[in-house]
Amino acid sequence: MAKVITLGEIMLRLSTEYGKLISNSQSLAITFGGGEANVAASLANFNHQVKFASKVPNNRLGKSVEKFLKSFEIETDQLLFDGNRLGTYYLETGVGNRSPSVVYDRKFSSFSEMNRLEWHEDIFQNVNLFHISGITPGLSKEWERLTLELILLAKDAGCKVSFDINFRSKIWNKNQFKEFLKKVLPLIDYCSASKLDAIHFFDVPNFDQAVNRTDSEMSYYYENIQKKYPNLSVLYSTTRLVESSNKHFLTGTMWMDQQISESKTYCIDPVVDRVGAGDAFSAGILHGLLADFTPSETIDFATAASVLKHSIFGDFNQFSADDILTMSQTETNGIIR
């Protein structure tokens, strides 16, 4: 299988019990998570050789992170130990018509305070794929610069680069993010981008108002993104219809070789935990690309991976490639078309 590095901040996650608000909680469930670490866990489950690069404090919390990652067979030789604290986020679980809510407490964390690359410059030697997201460069001006430096190192080493736009309004200003994307996107090979990303960050006119439209809405958006950035060989996203916090409908879409591929639509009921489902989808796409799946096989696999993640508590997906293939090839399991 392939050699992969993902890089980002892993955080302590504290979650409320079902039906409780943070303000009225006497206890919180503890686990760890973060976008790039979530992708690492899935790819390790699919038997790829995966390293996760990050920085955590050299204390019991940092050592717990290391132990947690190793339990998913993620290699931790690029996990740095220093700094003062581990970033934290609080998740208030959604119920019915009440959406889930997140509170971040990551300022001054070991990772966010980094101002220089502390990994050896040959970190990407013999690596097939480097995955990072738009969350990391939003942590600081230093991380904007470091993200670009890392991607350039990866490209110099002949490594494919995967970028999940993953815009977070709590850490980015839209205009700032848009300016950053202009710098980073010419260096990217595979990109997770949604319809809204196409409109807000790629300046693609809304499909309903466009003069020259293709038959498919997502084909239209992806084709126009690729005209601006022809280096983006693969674009992908999910479309989610939320009936309630506990019932969602999910469809996956991928653009590759000038063709659109769409998965079946799944009804997910109940949703146990939505957090990390997008990362499970990204990891499914990347696995399909690394394993030379056809586009149809890739999008079916990735969407099934995301659907299964909704059934698991915590950020990390815990299913093998065989589990997901079984799901993707089954004609029931909530498939509605």
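**Loops, cores and helix packing**

Modeller: Let me start with Asp257, which is exposed, with a relative accessible area of 60%. Please keep in mind that this is a predicted model.

Colleague: In which loop is the place of Asp257, and what is the value of its phi?

Modeller: The place of Asp257 is in the loop between strand 12 (247–256) and strand 13. Asp257 is a residue other than glycine with a positive phi, and the value is near 55 degrees.

Colleague: Which residues does the cis peptide bond join?

Modeller: The proline concerned, Pro270, has its place in the loop between strand 13 (259–268) and helix 7. Omega is about 10 degrees for this bond, and the residues joined by it are Asp269 and Pro270.

Colleague: How are helix 7 and helix 8 oriented to each other?

Modeller: Helix 7 (residues 277–290) packs on helix 8 with the axes 7 Å apart and at an angle of about 150 degrees. Because angles over 145 degrees fall in that class, helix 7 is, relative to helix 8, roughly antiparallel.

Colleague: What is the handedness of the crossing of helix 7 and helix 8, and how do the residues of the contact divide by class?

Modeller: The crossing of helix 7 and helix 8 is right-handed. Helix 7 contributes residues including Ala280, Phe281, Gly284 and Ile285 to the contact, while those from helix 8 include Ile299, Phe301, Ala302 and Ala305. By class, the residues of this contact divide into 9 nonpolar, 6 polar and 1 charged.

Colleague: How are helix 8 and helix 9 oriented to each other?

Modeller: Helix 8 and helix 9 (residues 321–328) have axes 8 Å apart and pack at an angle of about 105 degrees. Since angles of 65 to 115 degrees form one class, these two helices are therefore roughly perpendicular.

Colleague: Which residues make the contact of helix 8 with helix 9, and what are they by class?

Modeller: Among those from helix 8 are Phe301, Ala304, Val307 and Leu308, and they are joined in the contact by residues of helix 9 including Ile324, Leu325 and Met327. The division by class for helix 8 with helix 9 is 9 nonpolar, 1 polar and 2 charged residues.

Colleague: Which residues have the most contacts inside the largest nonpolar core, and which helix gives the most to this core?

Modeller: The largest nonpolar core has 50 residues, and those with the most contacts inside it are Ile10, Ile74 and Phe316. The element that gives the most to this core, with 7 residues, is helix 8.

Colleague: Is Ile165 buried or exposed, and what is the separation of its C-alpha atom from that of Ser192?

Modeller: Ile165 lies in the loop between strand 9 (160–164) and helix 4 (174–184), and with a relative accessible area of 0% this residue is buried. Leaving aside neighbours within four places in sequence, the residues in contact with Ile165 include Phe177, Leu181, Cys191, Ser192 and Phe201. Although Ile165 and Ser192 are 27 residues apart along the chain, their C-alpha atoms are separated by 6.0 Å.

Definitions and conventions:
Residues numbered from 1 in each chain as written. Predicted model: local features only at pLDDT ≥ 70, side-chain atom pairs only at ≥ 80, totals over all residues. Heavy atoms only, no water. Helix = DSSP H or I, 4+ residues; strand = E, 2+ residues; numbered from the N terminus. Buried < 20%, exposed > 50% of the residue type's maximum accessible area, 1.4 Å probe, protein only. Contact = heavy atoms within 4.5 Å. Core = buried A, V, L, I, M, F, W, Y, C linked by side-chain atoms within 4.5 Å. Axes fitted to C-alpha atoms, helices over the stretch in contact; angles between N-to-C directions. Parallel < 35°, antiparallel > 145°, perpendicular 65-115°, else oblique. Nonpolar A, V, L, I, M, F, W, Y, C, P; charged D, E, K, R; others polar. Left-handed = near helix turned anticlockwise from the far one by under 90°.
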